[in-house]
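Trainee: I have a model open and would like to learn how to read its features. Could you walk me through them?

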Amino acid sequence: MMLLGRWIWMSVLLVGVAPAQTLSPFDFLRSAENSARAAGLGGAFVAYAGDASAQLYNPATIPTTVDNSLSVTFTKHVLDINSGVAAYTRRLGSGWMGASAAVTSFGTFTRTDGLGNTIGTFGAASIALALSYANQFDTNAYYGITIGYVQTTIDRAAASALVTSVGILYQLPKIRTTLGASVRYIGFQLARMNGQDASLPTDVRLGVSHRLRGLPLLVSFNLARLAEERMSFAERLRNFTLGGELSLGTALQLRVGYDNGVRSSQSSATASFLTGMGIGAGVILPGLTLDYTLTTLSAPAAVHRVSCGIALDRVFAGAK
């Protein structure tokens, strides 16, 4: 129980959830799949078009990406927690397919016996694997569905689940606006850790992205975690995320984002002025994008993310 309690404490630091909420071995899904660009917009990514990693928020975004696209992210969390995520999109007949894999390592722990003597070490880790399909159902309107498998292991104990996510996306090119909605992580548990049931972090999101006229600025706003348990309707509305992406020419983007859910989950003792903020930048090269974001969870906790987006057909064609 002491080992499980320590892991739960790290989970609180990692996902920024309020202590009053029920914690679960699957809570890593709340943040393990963020790309640097998504984190730079505060997680306001459900209506973001043109990025392979956006399928992790809304599978309906897949048809808006460049065919044969790959996004890879490394995240340095607090303590010795690290994670990596890869997302891929590809045209499939008249539709599109997507695939993603996320791995989080919670580091190495000391194993002790009943008397407190060190007798070795053990690890803890989580994985999430998913396949998606998306297509167009009307002019500028798309749908997507994802089927995934998630698992968390602590030493020799494991919890796993089968999950599904669905989403829609509607683009309004005349007014430079995109609307999106998704329901993520609906499913059922396959294996129980220590025989205990665990809840999935089902997440309902609504969002809008708008590109300003006459200014190279994309503004994105999301209502997130609308399905959170033990929250009133007013409390759920406080789980909003907001971000802005400023393009400086064709090769550089600057981003700033804010997650009010992270901010409101912190106590006055751990919160700082920057809690819930994400600040990042992106460099755009032919067929390649490089992104970095620094996110502040609390006064002592900062998260670093580095992402690389690759349009594989363009890169390989240029290499010939």
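**Reading the model**

Mentor: Phenylalanine 28 is buried, with a relative accessible area of 2%. Here buried means under 20% relative accessible area, exposed over 50%, and partly exposed in between, using a 1.4 Å probe and protein chains only. This is a predicted model, so local features need pLDDT of at least 70 and side-chain atom pairs count only at pLDDT 80 or more, while totals for chains, interfaces and linings use all residues. Residues are numbered from 1 along each chain as its sequence is written, and side-chain values use heavy atoms, with hydrogens and water left out.

Trainee: Where does phenylalanine 28 lie?

Mentor: Phenylalanine 28 lies in the loop between helix 1 (2-15) and helix 2. Helices (H or I, at least four residues) and strands (E, at least two) are DSSP runs, numbered from the N terminus. The protein chain has 5 helices and 14 strands, and buried residues make up 48% of its 320 residues.

Trainee: How do I read contacts, say for asparagine 58?

Mentor: Contact means heavy atoms within 4.5 Å. Leaving aside neighbours within four places in sequence, asparagine 58 is in contact with Val46, Gly167, Ile168, Leu169, Gly180, Ala181 and Ser182. Asparagine 58 sits in the loop between helix 2 (36-40) and strand 1 (69-76), and is buried at a relative accessible area of 0%.

Trainee: Is leucine 70 buried or partly exposed?

Mentor: Leucine 70 counts as partly exposed because its relative accessible area is 24%. You'll find leucine 70 in strand 1. Leucine 70 and tyrosine 88 are 18 residues apart in sequence, yet 4.5 Å apart in space, C-alpha to C-alpha.

Trainee: What about salt bridges?

Mentor: Side chains of opposite charge can pair when their charged atoms come close. The rule asks for a side-chain nitrogen of Lys or Arg within 4 Å of a carboxyl oxygen of Asp or Glu. By this rule the count comes to 10 salt bridges. Aspartate 203 pairs with arginine 184, the closest N and O atoms being 2.9 Å apart. That pair links distant parts of the chain, with aspartate 203 in strand 8 and arginine 184 in strand 7, 19 residues apart. Aspartate 203 is buried at 4% relative accessibility, and arginine 184 is buried with a relative accessible area of 4%.

Trainee: Which residues do salt bridges with shared partners join into one network?

Mentor: Start with glutamate 245 and arginine 255, whose closest N and O atoms are 2.6 Å apart in a salt bridge. Both glutamate 245 and arginine 255 are buried. Salt bridges that share partners join Arg37, Asp51, Glu245, Arg255 and Asp291 into one network.

Trainee: And how do I read a pocket?

Mentor: On a 1 Å grid over the protein atoms alone, a pocket is an open set of points where a 1.4 Å probe fits, with protein on both sides within 12 Å along at least five of seven lines; a cavity is a set where the probe fits but cannot get out, and lining residues have an atom within 4 Å of a point. Grid points are joined across faces, edges and corners, and a volume is the space filled by probe spheres set on the points. The largest pocket has a volume of about 710 Å³. Its lining has 37 residues, of which Arg37, Tyr48, Ala49, Gly50 and Asp51 lie nearest the centre of the pocket. Strand 14 gives the largest share of that lining, 5 residues.
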